[in-house]
Amino acid sequence: HNSFEARYKGLDFSDAQTTYSFRLSYWQKFWHKLDVFASANYSSASVGLFTKTLPSYSMDGGASVDLLKQTLSLSLVCRDIFNWRKNSTEYSNPDYQGSESQKIVSRFLSLGAVVRFGKMELERKAKQGGTGGAGINL
């Protein structure tokens, strides 16, 4: 909840607003190798002293795949898939009225690769509750 009270040039100003944000996430695994995810984000409008920030929203998504018995993982992530993200502010100062909007007309893509070295079977045993060869079974 945002609220403010101010006195400016002999005038009283006050405002209040409840702000909120939501994130909806989806994740699915296919064929024990492919992970797909999507995330939708929303932030409501908010007020400040002589300013109001308008709502913003976006959607991100991506996928990753495990190859070569999980020795290699490849991933692709796209931020703001539909290019919806925009930041807008309105100014309501008694001396100045205006607005500002900023939008980046592009998407951010990232490609990642992970190569795992070492004894993977020890990690698998540890996840299953085994000793991994380092402990003693009694």
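Reply: Buried means under 20% relative accessible area, exposed means over 50%, and partly exposed lies in between (1.4 Å probe, protein chains only). By that scale Arg79 is partly exposed, at a relative accessible area of 35%.

Me: What kind of model is this, and how are residues numbered?
Reply: It is a predicted model, in which local features need pLDDT of at least 70 and side-chain atom pairs count only at pLDDT 80 or more, while totals for chains, interfaces and linings use all residues. Residues are numbered from 1 along each chain as its sequence is written, and side-chain values use heavy atoms, with hydrogens and water left out.

Me: What share of the residues is buried?
Reply: Of the 138 residues in the protein, 19% are buried. The protein exposes about 10600 Å², and carbon and sulfur atoms supply 57% of that area; the areas come from the Shrake-Rupley method with a 1.4 Å probe, and for residues only the protein chains shown count as cover.

Me: Which strands make up the open sheet?
Reply: Five strands form it in the order β3-β4-β7-β8-β11, with antiparallel pairing. Two strands pair if DSSP finds at least two bridges between them. The edges are β3 (21–30) and β11 (108–115); each has a single partner strand, so one side of each is left without a neighbour in the sheet.

Me: And how do β8 and β11 pair?
Reply: Strand β8 (residues 72–79) pairs with β11 in the antiparallel sense over eight bridges. Cys78 has Leu109 in β11 as its bridge partner.

Me: Changing topic: where is Asp60, and is it buried or exposed?
Reply: Asp60 is in strand β7 (residues 56–67). It counts as buried, at 7% relative accessibility.

Me: Which residues does Asp60 touch?
Reply: Leaving out residues up to four places away in sequence, Asp60 touches Phe37, Ala38, Ser39, Asn41, Cys78, Arg79, Asp80, Ile81 and Arg85. Contact means heavy atoms within 4.5 Å. A polar atom of the Asp60 side chain also lies 2.8 Å from the backbone nitrogen of Asp80.

Me: How many salt bridges are there?
Reply: A search of the whole structure finds three. A salt bridge is a side-chain nitrogen of Lys or Arg within 4 Å of a carboxyl oxygen of Asp or Glu.

Me: Which of them involve Asp60?
Reply: The side chain of Asp60 meets that of Arg79 in a salt bridge (3.9 Å, N to O). Arg79 lies in strand β8 and Asp60 in strand β7, so this pair ties together parts that are 19 residues apart in sequence. Asp60 and Arg85 also meet through their side chains in a salt bridge (3.8 Å, N to O). Arg85 lies in the loop between β8 and β9 (87–93), so the pair ties together parts that are 25 residues apart in sequence. Salt bridges that share partners join Asp60, Arg79 and Arg85 into one network.

Me: What about Asp35 and Lys29?
Reply: Their side chains meet in a salt bridge (3.1 Å, N to O). Asp35 is buried, with a relative accessible area of 16%, whereas Lys29 is partly exposed, at 33%.

Methods. Helices (H or I, at least four residues) and strands (E, at least two) are DSSP runs, numbered from the N terminus. A polar contact is a pair of N or O atoms within 3.5 Å; within protein, one must be able to donate a hydrogen and the other to accept it, and residues adjacent in sequence count only if both atoms are side-chain atoms.
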